Amino acid sequence: MSQPSWFTEAHQASGSSIGYRVEKLLHAEKTPFQTIEIYQTTDWGNLMVIDGCVMLTSRDNFLYHEMMTHPALFTHARAKRVVIIGGGDCGTLREVLKHEEVEHAAQVEIDERVTRLAEEYFPELCESNNDPRAELLFIDGIKYMAEAEPESLDLIIVDSTDPVGPAEGLFNAAFYSSCHKALRHGGILVQQSESPLAHLELIKSMRAAMRTAGFNAVKTLPFPQPCYPTGWWSCTMARKGGDLAGFRERGALSKNFSTRYYNAEVHKGALAQPEFMREALGE
């Protein structure tokens with residue numbers, strides 16, 4: 001019996017690695033922006049890797065996509081216009097469009113090949129791509145936000161890769177200032193903010209830059225994510241006017257769509273900070 005083949009991502013910053021037993025490489029290509037690989041695993045469905053870093057698996061992506069969307073959407077009173085920066089696998093777009101109050105959701109992904117490969121290998125994530133409220137744009141998200149009409153958006157979701165390469169410019173005060181300008185009063189910015197165990201200094205710098213850009217309230221929500229370094233991830237919300245202490249709990253309790261991880265109790269739990277995060281973030 002032949003030995004299984006493994007894909008392994010070594011994470012230098014935490015001195016750890018994560019690996020998946022794979023049956024075969026389904027696709028590999030180098031785009032103008034990055035190298036994309038798709039593997040078929042034995043236990044985790046399909047696996048997307050970009051520049052050697054795991055992006056998602058079929059088995060556990062719901063954790064990330066639901067926490068990147070529903071906490072912010074149930075915190076906002078009524079988010080009608082949403083922009084997703086990145087998010088090329090379309091899972092975040094699918095979750096956003098589960099909310100009936102959303103009238104328009106633009107997904108701004110710099111690399112069209114991410115989306116086209118998701119359509120082929122993760123079709124369940126792309127089932128809302130033809131929703132009339134959805135708009136898929138394959139352009140630079142930094143430029144898009146810099147040119148966005150002032151006070152035209154209710155929610156901006158930054159569903160990006162790590163802060164290197166194409167995504168590097170999405171983690172600074174200049175970008176956050178563009179987002180702040182484009183949001184209406186009460187609007188929310190939410191960004192993936194890496195692992196609290198491995199990237200606490202990055203989270204602190206992100207939060208400081210968000211406040212520098214003018215956001216009134218900032219909150220980091222941790223959640224499990226087995227396929228990312230340390231197995232624990234986070235998103236950080238920032239609000240233009242108002243606070244982030246509560247959410248529309250009754251709306252979350254009575255939601256008319258299905259989720260696999262998110263619910264009102266999970267939302268409440270995510271708002272509670274572990275002690276080491278409270279101390280480090282000053283909460």
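Reader: Hi! Is D51 buried, exposed or partly exposed?

Author: In this predicted model, D51 is partly exposed, with a relative accessible area of 46%.

Reader: And where is D51 found?

Author: D51 sits in the loop that joins strand 4 to strand 5 (53-57). Its backbone deserves a look too: the phi of D51 is near 50°, a positive value in a residue other than glycine.

Reader: What about E194, what is its phi?

Author: E194 is not a glycine either, yet its phi is positive, about 65°. This residue belongs to the loop between strand 10 (183-192) and helix 7 (200-212).

Reader: Buried or exposed, that E194?

Author: Buried: the relative accessibility of E194 is 3%. For D51 the value is 46%, and that residue counts as partly exposed.

Reader: Let's switch to the annotations. Where does UniProt place the "active site"?

Author: The UniProt record, an unreviewed entry, puts the feature "active site" at D159. You'll find D159 in strand 9, which covers residues 153-159.

Reader: Which residues does D159 touch?

Author: Setting aside residues up to four places away in sequence, D159 touches Y64, H65, M68, I84, I85, G86, G87 and T92. D159 is also buried, at a relative accessible area of 8%.

Reader: Which residues does the "binding site" annotation that includes D159 cover?

Author: According to the unreviewed UniProt entry, that "binding site" covers H65, D89, D159, S160, T161 and D162.

Reader: OK, where is H65 found, then?

Author: H65 is part of helix 1, residues 61-67. Its relative accessible area is 1%, and H65 is buried. Beyond its neighbours within four places in sequence, H65 is in contact with D89, G91, T92, E95, L125 and D159. D89 and D159 are listed along with H65 in that "binding site" annotation from UniProt.

Reader: Which other positions carry the feature "binding site" in UniProt?

Author: The unreviewed entry also gives Q34, E109, D140, G141 and P166. Q34 lies in the loop between strand 2 and strand 3, and is buried with a relative accessible area of 6%. G141 is in helix 5, residues 141-146, and is buried too, at 8%.

Reader: What is G141 in contact with?

Author: Leaving out neighbours within four places in sequence, G141 contacts I85, V108 and F175.

Reader: Changing topic: which residues of helix 4 are buried?

Author: Helix 4 runs over residues 112-121, and its buried residues are V114, T115, L117, A118 and Y121. They sit on the same side of helix 4, because they cover an arc of only 165° around the axis.

Reader: And what do those buried residues pack against?

Author: Five strands: strand 2 (16-30), strand 3 (35-41), strand 4 (46-50), strand 7 (104-108) and strand 8 (134-137). A residue to look at in strand 7 is Q107.

Reader: What does Q107 touch?

Author: Not counting residues up to four places away in sequence, Q107 touches I84, G86, G87, G88, C90, L93, T115, E135, L136 and L137. T115 there is one of the buried residues of helix 4. Q107 is itself buried, with a relative accessible area of 1%.

Reader: One more: where does C235 lie, and what is it in contact with?

Author: C235 lies in strand 12, residues 232-239, and counts as buried at 0% relative accessibility. Apart from neighbours within four places in sequence, C235 is in contact with M67, M68, V190, Q191, Q192, S193, K219, T220, L221 and F223.

Reader: And E283, which segment is that in?

Author: E283 is in the segment after helix 10 (275-281). At 30% relative accessibility, E283 counts as partly exposed. The residues E283 touches, not counting those up to four places away in sequence, are R207, V218, K219, Q273 and R278.

Definitions and conventions:
Residues are numbered from 1 along each chain as its sequence is written. This is a predicted model: local features need pLDDT of at least 70, side-chain atom pairs count only at pLDDT 80 or more; totals for chains, interfaces and linings use all residues. Side-chain values use heavy atoms; hydrogens and water are left out. Buried means under 20% relative accessible area, exposed over 50%, partly exposed in between (1.4 Å probe, protein chains only). Helices (H or I, at least four residues) and strands (E, at least two) are DSSP runs, numbered from the N terminus. The arc is that of the directions from the helix axis to the C-beta atoms. Contact means heavy atoms within 4.5 Å. UniProt positions are given in the numbering used here, feature names are shortened, and annotations may be inferred rather than shown by experiment.
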